[in-house]
Amino acid sequence: MLWRRAFSTTAAKRHLTAKKWDALIIGAGHNGLVASAYLARAGLSVAVLERRHVIGGAAVTEEIIPGFKFTRCSYLYGLFRPSIARELELTRHGLKLLKPLASSFTPCLDGRYLLLGLNQEQDHLEISKFSKRDADAYTSYENQLHRFQKFVDFVLDSRTPETFPWEHSSIYDGLRNKWHKSAFWARCLQQVLSLGQKDMVEFVDLLLSPTSKYLNKRFEVAFELFICGFHSDILKGTLAVEAIVGSMVSIHNSGSGYVLLHHVMGEVDGDHNIWSHVEGGMGSVSLAISNAAKEAGVHIVTNAEVSQVMIGDTGIVNGVCLADGTQVHSSVVLSNATPYKTFMELVPQDFLPSDFLHAIKNSDYSSGTTKINVAVDRLPQFQCCKSSNPEVGPQHTASIRIGTESMGEIDTACQEAWNGLPSRRPVMEMTIPSSLDNTISPPGKHVVSLFTQYTPYKPSDGSWEDPKYRESYARRCFNLIDEYAPGFSSSVIGYDMLAPPDLEREIGLTGGNVFHGAMGLDSLFLMRPVKGWSGNRTPVRGLYMCGSGSHPGGGVMGAPGRNAAHIVLEDVQKRSH
């Protein structure tokens with residue numbers, strides 16, 4: 001498998017110590033690889049150091065069960081910034097996207113289902129099966145989110161207007177920093193004016209409101225539907241799950257509404273609200289970026305765990321020390337690790353301000369996610385579809401929502417986890433990438449991805465280190481799927497399961513948080529990773545953050561890597577003059 005190794009480890013490490021590099025990058029996750037490609041294209045000598053035997057970080061494909069290739073953490077492509085894909089020519093470097101036939105599929109235990117994303121007319125018909133009023137409101141809801149998305153795209157593709165660290169600046173640096181901030185806020189004001197006051201008020205409402213409140217104001221309340229004899233909250237349940245992916249947040253939490261924008265953030269080939277599969281799994285995204293990076297001259301080394309960032313007596317970075325004692329020298333180091341891992345474990349704390357350390361230590365890294373990748377011997381058949389056809393249908397290519405027939409189900413699952421227990425009926429986003437990709441499973445067999453919630457890091461009724469406890473949770477998920485797709489459990493050949501401690505240990509995600517830290521409003525933009533340090537620079541000169549713990553945040557996006565590279569290049573150019 002091409003993504004397995006970059007270079008022979010021994011030869012690669014010899015090459016590492018043969019010179020002083022212009023830049024070193026800790027971690028070959030997708031953001032680190034993006035940063036390396038931009039830096040190398042600008043003429044810098046760059047080495048990427050990956051702890052594991054395989055590149056990709058959370059965007060990785062691995063063959064855990066013979067013949068079945070699992071995307072172990074991330075699972076769909078949609079957030080990756082289109083401009084980065086174009087600039088790095090990822091299609092030429094092997095990236096092949098596989099668009100689903102529908103966007104979401106929510107089966108019901110009463111035999112009905114909601115299938116969205118075929119086209120606007122079909123969406124209206126589907127929702128009308130449950131509520132004519134909601135079908136009419138849904139078009140307005142989507143149109144409004146699309147208007148908001150233009151503003152969000154601007155923020156995602158912009159660097160933060162962070163104040164320059166004045167202790168290292170000149171008058172010219174100060175003027176340039178003021179110009180950069182003024183230009184950003186001028187463009188921001190232009191975006192606000194283009195929205196208009198009415199939409200801006202609605203946007204602020206979305207940002208600050210609980211998901212449940214925001215959706216209840218736009219769609220029918222379950223009690224009203226019960227009076228009419230329908231009793232279904234399925235549309236709101238389907239939409240609400242967007243707001244809690246990867247978190248321990250309740251849909252009743254203020255500020256959770258922001259993540260509803262993920263409903264339209266997915267973009268493929270200029271089409272919004274598209275979350276695509278990738279041929280070969282999400283590891284192919286990392287592979288394509290690494291191909292672009294290597295073409296530019298980047299040196300990628302696997303099995304090269306960094307144990308410490310080396311800092312000279314002057315407080316300036318001078319390289320890294322590997323776990324085997326190898327020292328690799330550079331005056332620029334970019335960390336693709338989480339903020340906690342970087343500053344609490346890799347950087348000598350004597351060089352960091354106490355208030356900065358306190359903020360990093362007390363950031364929210366909680367996670368409610370357990371990822372289960374399953375090899376099955378046949379395609380799941382959902383009884384609500386009433387079809388005996390074993391072939392792939394639109395529902396198999398969509399994001400399948402299990403346990404989301406109502407917002408009440410989602411809330412109950414969350415409350416159980418807040419009380420220390422894995423949800424009895426987990427909320428699951430189920431995808432079947434092999435429905436479109438015949439390269440990841442044997443003929444007739446399939447790969448099923450289950451992104452499940454909510455699972456506490458330290459459950460009160462057992463331990464994730466206990467094989468029987470792990471098995472009981474996996475079986476709980478499989479049995480729940482059986483209620484919608486009878487026979488699923490009996491089709492399971494084997495599975496790979498990553499609970500929060502596994503995500504931390506194997507992938508390097510502090511607390512098991514797939515976003516490198518919570519994505520609440522208090523942890524975004526100028527507050528990411530902590531207040532005062534949102535611009536990729538750190539309190540240590542020569543050390544930069546380039547991972548999802550930096551603006552604009554988590555997901556397979558690439559923007560943090562590109563932002564970091566641009567800032568490094570600015571600083572390198574400044575030092576050369």
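A disulfide is a pair of cysteine sulfur atoms within 2.5 Å. It is a covalent bond between those two sulfurs. This model is predicted, and a search of the whole structure finds zero disulfides.

## Cysteines without partners

Cys385 is in no disulfide. The nearest cysteine sulfur belongs to Cys384 and is 4.2 Å away. Cys385 is partly exposed, with a relative accessible area of 22%.

Cys477 is buried, with a relative accessible area of 0%.

## Empty space inside

Rolling a probe the size of a water molecule over the atoms shows where empty space is left. How many cavities of 30 Å³ or more turn up? The count is five. The largest cavity has a volume of about 90 Å³.

Residues lining the largest cavity include Phe70, Thr71, Tyr75, His277 and Val278. Gly281, Met282 and Asn373 also line this cavity, as do Thr431, Pro433, Val447 and Ser449. Three strands each supply at least two of the lining residues: strand 4 (68–71), strand 10 (277–278) and strand 19 (446–453). By class, the lining has six nonpolar residues, six polar and no charged.

Next comes an open space. The second largest pocket has a volume of about 730 Å³. Its lining holds 40 residues, and those closest to the centre are Asp364, Ala518, Gly520, Asp522 and Ser523. Which helix gives the most to this lining? Helix 14 (residues 354–361) does, with four residues. The lining of the second largest pocket has 18 nonpolar, 17 polar and five charged residues.

## Helix 7 and its cover

Helix 7 (residues 197–208) has twelve residues. From its first C-alpha to its last, helix 7 reaches 16 Å, close to the 16 Å expected at 1.5 Å a residue.

Which residues of helix 7 are buried? They are Asp199, Met200, Phe203, Asp205, Leu206 and Leu207. An α-helix has 3.6 residues a turn, so residues three or four places apart point the same way. In helix 7, Met200, Phe203 and Leu207 are among the buried residues. Their cover includes helix 5 (132–156), helix 6 (171–195) and helix 8 (211–218).

Most residues other than glycine have a negative phi, and most peptide bonds are trans. The table lists exceptions.

| Site | Feature | Angle |
|---|---|---|
| Gln453 and Tyr454 | cis peptide bond | omega about 5° |
| Arg528 to Pro529 | cis peptide bond | omega near 5° |
| Glu89 | positive phi | phi near 55° |
| Asn303 | positive phi | phi about 55° |

Where do these residues sit? Tyr454 is in the loop between strand 19 and helix 17 (467–484). Pro529 is in the loop between helix 19 (500–507) and strand 21 (543–545).

Glu89 lies in the loop between helix 3 (82–87) and strand 5 (97–98). Is Glu89 buried, partly exposed or exposed? At 36% relative accessibility, Glu89 counts as partly exposed. Asn303 lies in the loop between strand 11 (299–301) and strand 12 (306–311). Asn303 is partly exposed, with a relative accessible area of 30%.

Key: Residues are numbered from 1 along each chain as its sequence is written. This is a predicted model: local features need pLDDT of at least 70, side-chain atom pairs count only at pLDDT 80 or more; totals for chains, interfaces and linings use all residues. Side-chain values use heavy atoms; hydrogens and water are left out. On a 1 Å grid over the protein atoms alone, a cavity is a set of points where a 1.4 Å probe fits but cannot get out, and a pocket is an open set with protein on both sides within 12 Å along at least five of seven lines; lining residues have an atom within 4 Å of a point. Grid points are joined across faces, edges and corners, and a volume is the space filled by probe spheres set on the points. Ala, Val, Leu, Ile, Met, Phe, Trp, Tyr, Cys and Pro count as nonpolar, Asp, Glu, Lys and Arg as charged, and the others, Gly among them, as polar. The expected span of a helix is 1.5 Å times one less than its number of residues. Buried means under 20% relative accessible area, exposed over 50%, partly exposed in between (1.4 Å probe, protein chains only). Contact means heavy atoms within 4.5 Å.
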